Amino acid sequence: MKKMLAILLTVVLVCGICLTASAEDKTAIGWTSWALAEEKLIPVYGGSADAFMADNPDITIDYSQSNPYASYLDQLLTAASAGNAPYVAHIKAEWLPQFLELGALKDISPYISKDVISDYSAAAIQGATVDGQLVAMPWFGNTYALYYNKALLKQAGIETLPQTWAELIEDAYKVSALGDDVYGLAFPNSNGVEAGEGYNLFPALWAHGGDFTDAEGKISLANEAGVATFAEIQKLIVDKVSPTVGNSFKDLRNLFGQGKIGFYWDLEGTIATAAAAAADQDQFYKDFGCMVIPGADTPKGSGYIITHYLIVLNNCPDEIMPQTARFLEYMSSAKVIQIFKDGKQGKMSSRASVMSDVFQDVSENTAVYVDAMKTARPLPVAGLHFMDADKEIVKALTRISQGEDVTAVLTDCQSTIQEMYDE
């Protein structure tokens, strides 16, 4: 009996040692995204990491560290500078130069399989490659489409959707004539409280034949196209076709949900946010429609795309880079993009196989965003100061909304941004 107990005790001890060793052998990888700070998005973003861990039981993904969007970038840059950031981080493409300036990124090209690299569009890989090093993993892209309220359009006598930019402006005036509290076409402007409200004007600028820079790479806002764009927006504000300063994207989603906006462009993933502001959500979805943002003479090509990356910070040990690369490849795979699609997040990939696998059978709204993705233009994010430039464009928008001369405002704006880029 004593011999049997001894044998059993030995087995228990050995098994315990094996279990402890197994737990200790697991690779732990920290990962962060501002989306992980939003409870409603954890099932999608955290769920993607959970799916990876289920398929890769030798790796633990710690996604407990995050910050809300407003403070996320500053906190991540600070942590990267101190060398104590999570190993993998979610960023927007326009933030990449700031991490490059810190010298905080690992070259992931030796660890990503050639099959995965070749599955991406050449443009996607080129955008994430600096001096021959792949410094970011293209994750997904957000593109924008034009929301419209079918009920308001019907009340305004609009029977056919606008096919050009001029028709969109004409229809916006018809919608705004329905009442003082109804806006035809809305542009966000929280006066710098929220990022991205400057480059949100690019579809209007492109529709007028303008661009952020000219052929020589110089800032190109105070020209005929730029002045025409901002003068038109100023008139929309003066005529109360568009709301004035103080309205962020969040505010516009609420107003659209309440049936107070005829047209404005936004992400697929925020349709539900707008619906939540409606008194009757079933009616909201009956009245909701979206289309590709029209350009100067065609409904195609005036939208923009925001590219999202996964980066690996320098504090990630070299010895776990193979496992980290496995996580990156998985997160960009059809499995994860399917999770985002099922979660109605409107995320699309620049990997050919992913788009083929995930977006064959889609809803009417998603089909619009798939079409918009085909012609959407990338933001001109090259250079360290694009986000600073965005803030200057918002300042210009604020000034023209307060009645200042458009040419003078744009001349100041262009000069300020050019000085930044010349540093």
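The radius of gyration here is taken over C-alpha atoms, and the globule rule it is held against is 2.2 Å times the number of residues to the power 0.38. For 423 residues that rule puts a compact globule near 22 Å, and the protein, at 25 Å, agrees. This is a predicted model, so local features need pLDDT of at least 70 and side-chain atom pairs count only at pLDDT 80 or more, while totals for chains, interfaces and linings use all residues. Residues are numbered from 1 along each chain as its sequence is written, and side-chain values use heavy atoms, with hydrogens and water left out.

**The whole chain**

Helices (H or I, at least four residues) and strands (E, at least two) are DSSP runs, numbered from the N terminus; the protein has 19 helices and twelve strands. Buried means under 20% relative accessible area, exposed over 50% and partly exposed in between, with a 1.4 Å probe and protein chains only. A contact means heavy atoms within 4.5 Å. A few overall values:

| Property | Value |
|---|---|
| C-alpha span along the principal axes | about 95 × 55 × 35 Å |
| Buried share of the 423 residues | 51% |
| Share of contacts (separation of 6 or more) from residues 24 or more positions apart | 75% |

On the charge side, Lys and Arg count as positive and Asp and Glu as negative, leaving out His and the chain ends. That gives 29 positive and 53 negative side chains, with the centres of the two sets 7 Å apart; each charge is placed at NZ of Lys, CZ of Arg, CG of Asp or CD of Glu.

After α15 comes K344, with a positive phi near 55°.

As for α14, nine of its eleven residues are buried, so it is largely enclosed by the rest of the structure. Among them are M321, F327, L328 and Y330, along with E329.

**A loop residue, A376**

A376 sits in the loop between α17 (364-375) and β12 (377-378). Its relative accessibility is 15%, so A376 counts as buried. Leaving aside residues up to four places away in sequence, A376 touches T143, G303, Y304 and I305. A376 and Y304 are 72 residues apart along the chain, yet their C-alpha atoms are separated by 4.6 Å.
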